[in-house]
Amino acid sequence: MSSDGFNDKKSSANDNNITNSPPKKFRKVDDTTGSICTRESVIVAVTPGMAQNGTKMAEDSIDEGLYSRQLYVLGHEAMKRMGASNIFISGMKGLGVEIAKNVVLAGVKSVTIHDDGVTVLSDLSSQYFLTEQDVGRSRAEVSVGKITELNSYVPVKVHSGDLTDEILKKFQVVVLTNSNLEEQLRIGDFCHNNGIRFIVADTKGLFGQIFCDFGEKFVVFDNNGEQVRSVMVSAVTQNEKGEGIVACMDETRHGFESGDHVSFTEVKGMVELNGCQPREIKVLGPYTFTIGNVSNLTKYESGGICTQVKMPTPVNFKSLREAMAEPEQVITDFAKWERPGQLHVAFHALHKFVADKNSLPRAQNKEDADTLVRITEELNSTLPDGAKVEKVDEKLVRQLAYGARGDLCPMQAVIGSITAQEVMKACSGKFNPIKQFLYFDALECLPEDGEEKLDEGSCTAIGDRYDAQIAVFGKDFQKTVGQQKYFVVGAGAIGCELLKNFAMMGLGCGEGGNITVTDMDIIEKSNLNRQFLFRPWDVQKLKSECAAASVKKMNPQVNIIAHQNRVGPETEKVYNDSFFEGLDGVTNALDNIDARIYMDRRCVYYRKPLLESGTLGTKGNVQVVLPFLTESYSSSQDPPEKSIPICTLKNFPNAIEHTLQWARDEFEGIFKQPAETANQFLTDAKFFERTEKLPGMEPIVTLESVFSSLVSQYPKSFVDCVKWARTRFQEQYYNNIAQLLHNFPPDQKTTSGAMFWSGPKRCPHPLEFDVNNETHFEYVYSAAQLKAEMYGIKERASKAAVAKEILPTINVPRFQPKSNVKIAVTDSEAQAQSQDSSWDDSKFDSMKSSFPDRDSFGKLRLVPIEFEKDDDTNFHMDFIVAASNLRAENYEIAPADRLKSKLIAGKIIPAIATTTSLVVGLVCLELYKIIQGHKKMESFKNGFVNLALPFFGFSEPLPAPKLKYYDTEWSLWDRFEIDGIKLAKEGESEMTLGGFMEYFQKEYNLEITMLSQNVAMLYSFFMQQSKRKERLATKLSEVVQKVSKKKLRSHEKALVLEICCNDKTGEDVEVPYVRYVFRH
């Protein structure tokens, strides 16, 4: 998703890997909870492994271990600009603290918070850094220590008193929350005139507002955050105007838009294009575009790479005072096109109401609502045409009045995360800012049957921590929220935000309610940048335990149970019928498709609501899955990801992605797979028998690998490991390339007369090993270290010893290309070679006889090395970076630094805290609707957001597709319920297979032609007569056990059976699955 992983089923976040075994790490067992923070002019949190607050990192350095996932979103330049920015945030209620949390996690230079108000009990509805013990104390003073703990690189101060010009001029960005209009206008004018970026954010119940003014000369350096595109050029021709028309290689879509700028490299002939100033393009079609006048350039010959260049874009902003009279607004929901204009006037009127009455409208008070409607209509009549609406929406204004005293944590998450991203844009110039107002509402969270469910009495404060939520939804709803039982799957980024929101909402905090969270992963340093429930002293502890303990401090009433289980068939004994049947719903916080699909199927089976979400950088989405109403997560599938052709990887790479994938394959093929295969030989007495049955050349390849690992290339010392690594370098970067060039010389032509080495085929050159070349040496040293780990060799040599003492003694034979080597040029040729089985039994037997007796190896076991990208001490990424960049040097491909290499080779999902917070806010708004018991599809919203653009899109969930047999309609939520014990014939303890089929024929008029359970075929119409007769007379559960050869486990009470049926006319019909109960 953990949760990073955009839920388009492609990533699918970050930190939990439910489908693969977690890396072998040791859990931290001490209970250190960090040092005590003290309040001074700057609060300093001393946290292990990180700089203290206010302590600068090395000049221009960024802690990549902490910020790695965010760096993939923002980049180094944007992060450096943020690191030079001082931020001021006024207002420390729920919204202000959410903004501060995200900004501090992002890594700005400093944050100063301000709030002269004191904590009241209702603040605890959304301000998660306040407790009941803080009531009566300054919100800012109480919050500063906990905000400081979030990121020890960011000093956090408290300012008390008036917001004078002298104070404000020290900051690059000023954010106001919980402020009045007079103050907003005064500070807005000052900031606009003094080049200070200014943001206003506010929430009132289910309504939210943001305003941005970044000045008259603001520059956006990157408007969307997408990776720049590169395409290979096949031709550059001229039209009658002298404009260059670029055509892409191999019918590859360029993906550019008119107005983009591009530059060129490696062009032959028209060399003036190489390294030219960026040229603006005009798209002619998906494969062609113009690049302006080229009539004065040399004639194009061949080749070239065209790369997109992102150009700085100036953006001009009006001051708040000017913008209020002529507002520009971002649409947050295209189904509510008129809503922003209405809310612009209504929020303005609400400021006048507060100024007149010295308080917000009372919850569900009709008199105050009437007054606000009157003020809104009067104000609208005086506004200039640019701000005036044709007719005030009275119902909308009343809803604003009714809930204006509400503070909802999910709304603060939505508005706070968007605002925090705008702060980051203001600092860095990265991404398009909001221009200039944004209004958002979630009125669908209110009861579907209208206002009659709520009245002033039900929404009046009762002296409870949830009063600010009761003000919107009422006391009865709050009681229902407390009784909910929810299952949170994953405690990574999304999981942390979910638990925070749930604790503030009071979910599972009442009698009979609870939250169960499971996550088998441990906390790593890179998690701290966005999984805000964790602190540096939690690293190496279990995520689920730390997350549960953290939210328990936020709200001691929360009933939370922490598990460390992977969700899957292996834990169905834990998450069994009783567990799921007792739930009210499930929220996924996962980062991979397999686990998402598994949980989706479980929710469909148990008919439980599922809230699914995911993120990818600044993009996020939310999907609501509702029993008998919507389709499920698994109902739609994305197209498979493009794979790199085998021959491209093996012999013809042309991009750094190819060399990195090749390096990953090298890692697996050297340090993991050979060790696993050797261990199979050492432990399996039938190893040779099994190996001989493998297809193609695999039997010979497998024996060669084992013989090499255990006999011919078995290293006895670290020196042997270095010799092996040096030889490997020679083979991969000199010998293989020399052989390739022997087969296909640089001047080779194809049968059609074209140059063989052209287009996507880059002509390589061999590398001569140079011990003084850092990349050459890093390859040998890291490979030797990994080889030594694989063989359990403890004694290692230093880099200096390897360079000066070991490498000079190694004699590497000079390579002579061979004339009988075949090299595949296409994937079909490569596949044919791999499937070649031109070997006889004598060769296999000969190799088999050369092996020493298995017993002679004793208890020897090799160590298969699992790739772990985030441990910078394990040599894994050292090897990957060196191996990839050396191959890139072979083919003259631009190398990648460690950060980019880790992103691509580690298949890391870029992540940032703001997107996570926004997505979870939207999830929890949908949760309100589920708890309300909404039944109308139009009440629910699937969400798609991109904070970089910014873009917000919402749509109704898709309904579950309907199928039909006879007159019965059914969807994926329907099934046949058959109790094999209750329906058993007299004298039988359970239905036989024959009885089951007879029941179906009699009850549903359907003839079962095939019956299966998982992959076990229990019955088919073409089955042998004797086998059919035997099975028909056997209990159905026993048939399952006999055919599947697996015992039914003690916790299993029901089976899922798939059936194929004919109707009474003998035609095939699609029918639901069967839930067959065989045990009570």
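At what angle do the axes of helix H9 (residues 366–382) and helix H10 (residues 394–403) cross?

## Basis of the model

This is a predicted model in which local features need pLDDT of at least 70 and side-chain atom pairs count only at pLDDT 80 or more, while totals for chains, interfaces and linings use all residues. Residues are numbered from 1 along each chain as its sequence is written, and side-chain values use heavy atoms, with hydrogens and water left out.

## Packing of H9 and H10

The two axes cross at roughly 130° and come within 9 Å. Axes are lines fitted to C-alpha atoms, for helices over the stretch in contact, with angles from 0 to 180 degrees between N-to-C directions. Helices (H or I, at least four residues) and strands (E, at least two) are DSSP runs, numbered from the N terminus. H9 and H10 are therefore oblique to each other; angles under 35 degrees count as roughly parallel, over 145 as roughly antiparallel, 65 to 115 as roughly perpendicular and the rest as oblique.

The contact (heavy atoms within 4.5 Å) involves Lys 366, Ala 369, Asp 370, Leu 372, Val 373, Thr 376 and Glu 377 of H9, together with Glu 394, Val 397, Arg 398, Leu 400, Ala 401 and Tyr 402 of H10. These contact residues comprise 7 nonpolar, 1 polar and 5 charged. Here Ala, Val, Leu, Ile, Met, Phe, Trp, Tyr, Cys and Pro count as nonpolar, Asp, Glu, Lys and Arg as charged, and the others, Gly among them, as polar.

## Antiparallel sheet

Pairing requires at least two bridges found by DSSP between two strands.

Strand E8 (residues 230–238) runs antiparallel to strand E9 (residues 243–248), and 5 bridges join them. Val 233 has Cys 248 in E9 as its bridge partner.

## Backbone exceptions in loops

Most residues other than glycine have a negative phi, and most peptide bonds are trans. A cis peptide bond, with omega about -20°, joins Lys 435 and Gln 436. Gln 436 lies in the loop between helix H11 (409–428) and strand E17 (437–441). The bond from Leu 949 to Pro 950 is cis, with omega near -15°.

Phe 628 has a positive phi of about 65° and is partly exposed, with a relative accessible area of 45%. Phe 875 has a positive phi of about 75° and counts as partly exposed at 23% relative accessibility. Buried means under 20% relative accessible area, exposed over 50%, and partly exposed in between (1.4 Å probe, protein chains only).
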